[in-house]
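Please keep the sequence and the structure beside you while you go through the points.

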Amino acid sequence: SLIAKITDYRDRCREKMEILNDTIGSFPFRDTNHYIRIQFQEPNDPAISDFYRQCQDLSATLLRYRTQGDEEALGEEEMDRRLREKEKFIERFRMGSEADVRYIRRMTDARNWLRFSCIIVNRRTGEKEVIHGSGPKSGGELEILAYTVLAAGLKYSFNLSDDAEVHARSFRLLFVDEAFLKSSKDIQDTVLNLFRSLHLQA
C-alpha cells in the first residue's frame with residue numbers, strides 16, 4: 001500500500017541517520033569534550049496525521065469489499081456509500097489543481113514524516129543540549145554545525161576509509177565556494193581541519 005511504502009522509506013531514512021550519527025559522533029564539536037547527534041521524532045503535523053488516517057480508512061474499506069463466502073465483507077451499496085465519503089480525498093490524487101499537486105507531493109514525501117533536530121552531547125557528563133529550528137545563538141556555531149553534518153554526509157556517501165594506506169592512494173579534492181571564504185578565520189580553520197581529518201584536499 002501507499003502508506004506501507006512511505007513508512008518503509010521513512011524507516012530506511014532512520015537507519016541511515018543512525019549510521020550517519022556514528023560518523024558525526026567521531027568529530028569534536030566546540031571542543032574535544034562535545035559532539036553532536038541528529039535525533040528524529042514523529043512530525044507534529046495535523047495534515048500528515050489526517051492523510052495517514054484517510055489512507056488507512058480507505059485501505060480498510062477496499063479490503064472489506066464483498067468477496068464470495070466472506071460474511072464481514074461490504075456489499076456494493078455500503079461500499080459505494082463509503083467511497084462517496086472519501087470522494088474528495090480520492091480526487092486529490094488526480095492532482096487536477098496546483099494545490100492538489102503540492103498537497104500530494106508533500107504528503108507522499110517520506111522526509112516530511114520525520115522531524116529532525118540536533119543535540120550537543122558532553123562526552124564526560126552525558127549532558128545534552130537540544131538545538132531546535134531557531135538554531136544556536138552563535139551564528140558561527142551554526143556554520144560549524146552545518147559543515148560537521150556535511151562532512152559526515154561526505155564520509156557516508158563516498159564511503160571514505162580511515163585506513164592510512166587507502167587514503168594515501170586516493171584523490172579527494174574538495175572545492176569551497178565564496179560563502180565559505182566569507183566566514184571568519186577561526187571558522188575557516190575549524191572546518192578545514194575537519195575536512196582534513198577525512199583526508200580531503202580542500
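1. Which helix supplies the largest share of the lining of the largest pocket? That share, four residues, comes from H9, where helices (H or I, at least four residues) and strands (E, at least two) are DSSP runs, numbered from the N terminus.

2. Before going further, please note that this is a predicted model, in which local features need pLDDT of at least 70 and side-chain atom pairs count only at pLDDT 80 or more, while totals for chains, interfaces and linings use all residues. Residues are numbered from 1 along each chain as its sequence is written, and side-chain values use heavy atoms, with hydrogens and water left out.

3. The largest pocket holds about 180 Å³ of space, a volume being the space filled by probe spheres set on grid points that are joined across faces, edges and corners. On a 1 Å grid over the protein atoms alone, a pocket is an open set of points where a 1.4 Å probe fits, with protein on both sides within 12 Å along at least five of seven lines, and lining residues have an atom within 4 Å of a point. Helix H6 (139-157) and helix H9 (185-197) each give at least two residues to this lining, which includes Pro28, Phe29, Ile144, Thr148 and Leu194. By class the lining has five nonpolar, three polar and two charged residues (Ala, Val, Leu, Ile, Met, Phe, Trp, Tyr, Cys and Pro count as nonpolar, Asp, Glu, Lys and Arg as charged, and the others, Gly among them, as polar).

4. Three strands form an open sheet in the order E1-E2-E3, with antiparallel pairing (two strands pair if DSSP finds at least two bridges between them). Strand E1 (34-41) and E3 stand at the edges with a single partner strand each, so one side of each is left without a neighbour in the sheet.

5. Eight bridges join E1 to E2, and histidine 34 stands opposite asparagine 122 in E2. Strand E2 (residues 115-122) and strand E3 (residues 128-131) pair over four bridges, and cysteine 118 has isoleucine 131 in E3 as its bridge partner. In the hairpin of E2 and E3, which has five residues between the strands, glycine 126 takes a positive phi near 80°.

6. The axes of helix H2 (residues 46-63) and helix H5 (residues 98-107) come within 10 Å and cross at roughly 85° (axes are lines fitted to C-alpha atoms, for helices over the stretch in contact, and angles run from 0 to 180 degrees between N-to-C directions). H2 and H5 are therefore roughly perpendicular to each other, a label for angles of 65 to 115 degrees, whereas under 35 counts as roughly parallel, over 145 as roughly antiparallel and the rest as oblique. Their contact (heavy atoms within 4.5 Å) is made by Ala47, Ile48 and Phe51 of H2 and Tyr103, Arg106 and Met107 of H5.

7. The axes of H1 and H2 come within 9 Å and cross at roughly 135°, which makes H1 oblique to H2. Leu2, Ile3 and Ile6 of H1 meet Phe51, Tyr52, Cys55 and Gln56 of H2 in this contact.
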